[in-house]
Amino acid sequence: YIGWEIYRQSDLLQWPIGRSPMLGPDGGSSIAYSTLPLLALIFKPFTHWFNTPLQFFGVWSLACFIGQSISSWKLLGLWIENRIHLSLGVCFFVISPAFLDRLSVHFDASAHFLLIFALYLYFGTTFKLAQWLVIGTLSVLVYPYIAMMVSSIYLARVISDGIRSKLFFKS
């Protein structure tokens, strides 16, 4: 929250866009290291219209629960056809201790739904570049650590497709 407050009080129009000049030594730091960049960039213009402090952590928590549900439904749906069993599996994803712990301590890293959706794309039957680009862009705007994991899953899919199509090993 402190990182968001410091960024919120900086100038609306500045370059680079995600710079937080009052955070850190030598003229500031990026918001990627202190708050959720995606929502900070979206909500910053609204903070200059209202006198009261604005925070988005409740909205982010709700989005994470919805994203966790949808992405785990899609991932488990690749293997499970029974809707009751599928719903039970989604419940286990939503009450996962790793996910719930991130929501209480480290909001940026609670975007497990991006990782689950990347796994859905990995295990899917067809390669969908547009979906990989969307999930990759979102992960970069959420948290660099999540972006590296999504990139690793993407790279694994590309290598896997190359091995299956014998692109890498010609005999």
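I135 lies in helix α7. The model is predicted. At 6% relative accessibility, I135 counts as buried, because buried means under 20%. I135 is also among the residues with the most contacts inside the largest nonpolar core.

**I135 and its surroundings**
- Beyond its neighbours within four places in sequence, I135 is in contact with L114, F117, L121 and V150.
- I135 and A118 are 17 residues apart in sequence. Their C-alpha atoms are 7.2 Å apart in space.
- V150 touches I135 as well as L114, L115, A118, W132, G136 and S139, not counting residues up to four places away in sequence.

**The overall chain**
- The secondary structure comes to eight helices and two strands.
- Along the sequence, the pattern reads α-β-β-α-α-α-α-α-α-α.
- The chain has 171 residues, and 37% of them count as buried.
- Take the contacts with a separation of 6 or more: 59% of them join residues 24 or more positions apart.

**The largest nonpolar core**
- This core has 27 residues.
- W60, L114, I135, V142 and V150 have the most contacts inside it.
- At least two core residues come from each of α2 (37-47), α3 (57-77), α5 (97-105), α6 (112-123), α7 (129-142) and α8 (144-164).
- Helix α6 gives the largest share, eight residues.
- In soluble globular proteins, nonpolar side chains tend to be buried together.

**α7 against α8**
- The two helices pack at an angle of about 160°, with their axes 8 Å apart.
- That angle makes α7 roughly antiparallel to α8, because angles over 145 degrees count as such.
- The crossing of α7 and α8 is left-handed.
- From α7, the contact uses L129, W132, I135, G136, S139 and V140.
- From α8, the contact uses I146, A147, V150, I153, Y154 and R157.
- By class, the α7 and α8 contact residues divide into nine nonpolar, two polar and one charged.

**α3 against α6**
- Helices α3 and α6 pack at an angle of about 20°, and their axes are 8 Å apart.
- The pair is therefore roughly parallel.
- α3 passes α6 in a left-handed crossing.
- On the α3 side, the residues are W60, A63, C64, G67, Q68, S71, S72, K74 and L75.
- On the α6 side, they are H112, F113, I116, F117, L119, Y120 and F123.
- This contact has ten nonpolar, five polar and one charged residue.

**F123 in α6**
- F123 lies in helix α6. It is partly exposed, with a relative accessible area of 43%.
- Leaving aside neighbours within four places in sequence, F123 is in contact with L75, L78, W79 and R157.
- One of these partners, L75, belongs to the α3 side of the contact with α6.
- F123 and R157 are 34 residues apart along the chain, with their C-alpha atoms separated by 8.2 Å.

**α3 against α5**
- Helices α3 and α5 pack at an angle of about 165°, with their axes 11 Å apart.
- They are therefore roughly antiparallel to each other.
- The crossing of α3 and α5 is right-handed.
- S61, C64, F65 and Q68 in α3 meet F99, L100 and L103 in α5.
- The contact counts five nonpolar, two polar and no charged residues.
- C64 and Q68 are named in this contact, and they are also named in the contact of α3 with α6.

**L100 in α5**
- L100 sits in helix α5. Its relative accessible area is 36%, so L100 is partly exposed.
- L100 and S61 are 39 residues apart in sequence and 9.8 Å apart in space, C-alpha to C-alpha.

Note on methods: Residues are numbered from 1 along each chain as its sequence is written. This is a predicted model: local features need pLDDT of at least 70, side-chain atom pairs count only at pLDDT 80 or more; totals for chains, interfaces and linings use all residues. Side-chain values use heavy atoms; hydrogens and water are left out. A nonpolar core is a set of buried Ala, Val, Leu, Ile, Met, Phe, Trp, Tyr and Cys residues joined through side-chain atoms within 4.5 Å. Buried means under 20% relative accessible area, exposed over 50%, partly exposed in between (1.4 Å probe, protein chains only). Helices (H or I, at least four residues) and strands (E, at least two) are DSSP runs, numbered from the N terminus. Contact means heavy atoms within 4.5 Å. Axes are lines fitted to C-alpha atoms, for helices over the stretch in contact, and angles run from 0 to 180 degrees between N-to-C directions. Angles under 35 degrees count as roughly parallel, over 145 as roughly antiparallel, 65 to 115 as roughly perpendicular and the rest as oblique. A crossing is left-handed if the near helix is turned anticlockwise from the far one by less than a right angle, and right-handed if clockwise. Ala, Val, Leu, Ile, Met, Phe, Trp, Tyr, Cys and Pro count as nonpolar, Asp, Glu, Lys and Arg as charged, and the others, Gly among them, as polar.
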